[in-house]
Amino acid sequence: MKTLVSPSILSADFGNLQADIEMLNRSEADWIHADVMDGVFVPNISFGFPVLKAVAKVAQKPLDVHLMIVQPEKFIPEVKALGAYIMNVHYEACPHLHRVVQQIREAGMQPAVTINPATPVSLLKDIIKDVYMVLVMSVNPGFGGQEFIEHSLDKIRELKALIKETGSNALIEVDGGVNMETAPRLIEAGADVLVAGSAVFKAASPEEAIRNLKQ
Ligand code: DX5
Ligand code: ZN
């Protein structure tokens, strides 16, 4: 499979979000990654649904919504109203993960489960066949521009093996510290989808950065 790129608008220019979304529309980006933070599950607050509604109006690519919030199931209707393609919830935020995954599917979206750096891949064994994608956090969630955690490569390899062993079709997405140095190693380890914030938006040419990550 060709590697997909999902630029994270957390690093976009919030003073002119429309221009950055239009840039992503023109670019080779596959999806648009949107990081919602609540200041409870993670030590930061990003943006919420009123802002994402404005983004969705301009976006011409599928929305990959990453909820770094407690009780994400409360917001399934809001995420659905955006017309989102993927709803990413954290393993650590869902004591009834199986139910949440079912509810996301019933709402007509693709369910994805995200694991923090300290959450073992083995905990996904009983959910892996029910999810569209697993998002492996390669930094601690909450901020853009952090340093890549090397151990994430082992986790991706382990996840790839679990997917194969169980006959699951889940995609592997990776988020945090993805750049031109880490991307080839992540793809080699088995990543299917790369999320990139600063590597795209802090680049001299974001469109070129997206193209380079895809190669
Ligand atoms: C971090 C977010 C990421 C963030 C990645 O909590 O989930 O999506 O935007 O930023 P970079 O690519 O700069 O590490
Ligand atoms: Zn994210």
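Me: How do you know which atoms to trust and how they are numbered?

Reply: This is a predicted model, where local features need pLDDT of at least 70 and side-chain atom pairs count only at pLDDT 80 or more, while totals for chains, interfaces and linings use all residues. Residues are numbered from 1 along each chain as its sequence is written, chains are lettered from A and ligands numbered from 1 in the order in which they are written, and side-chain values use heavy atoms, with hydrogens and water left out.

Me: What makes a residue a donor of the zinc ion (ligand 2), and which residues are the protein donors?

Reply: Donors are N, O and S atoms within 2.8 Å of the metal (3.2 Å for Na, K and Ca), and sites may look incomplete because water is not among the atoms. His33 (NE2), Asp35 (OD), His66 (ND1) and Asp175 (OD) lie 2.0 to 2.3 Å from the zinc ion, so they are its protein donors. Their spacing in sequence is H-x1-D-x30-H-x108-D. His33, in strand S2 (residues 32-37), and Asp175, in strand S7 (residues 171-175), are 142 residues apart, and the pair links distant parts of the chain. Strands here are DSSP runs of E with at least two residues, helices are runs of H or I with at least four, and both are numbered from the N terminus.

Me: Why is the arrangement around the zinc ion called octahedral?

Reply: Six donors count as octahedral if opposite donors are over 155 degrees apart and all others between 65 and 115. The six donor atoms here subtend angles of 68 to 167°, which makes the arrangement octahedral. Ideal angles for six octahedral donors are 90 or 180 degrees.

Me: Are His33 and Asp175 buried or exposed?

Reply: Buried means under 20% relative accessible area, exposed over 50%, and partly exposed in between (1.4 Å probe, protein chains only). His33 has a value of 0%, so it is buried, and Asp175, at 9%, is buried too.

Me: What does the side chain of His33 make a polar contact with?

Reply: A polar contact is a pair of N or O atoms within 3.5 Å; within protein, one must be able to donate a hydrogen and the other to accept it, and residues adjacent in sequence count only if both atoms are side-chain atoms. The side chain of His33 makes one with the side chain of Asp35, at 2.9 Å.

Me: How do you know where ligand 1 sits?

Reply: There are 20 residues around ligand 1, and Asp35, Gly142, Asp175, Gly197 and Ser198 come nearest; a residue is near if one of its heavy atoms lies within 4 Å. An oxygen atom of ligand 1 is 2.7 Å from an N or O atom in the side chain of Asp35, and for the side chain of His66 the value is 3.4 Å.

Me: Why is Asn116 called buried?

Reply: Asn116 has a relative accessibility of 16%, so it falls under the limit and counts as buried. Its place is in the loop between strand S5 (110-115) and strand S6 (133-137). The side chain of Asn116 makes a polar contact with that of His90 (3.5 Å).

Technical notes
Four donors count as tetrahedral if all angles lie between 85 and 135 degrees; four count as square planar and six as octahedral if opposite donors are over 155 degrees apart and all others between 65 and 115; anything else is irregular.
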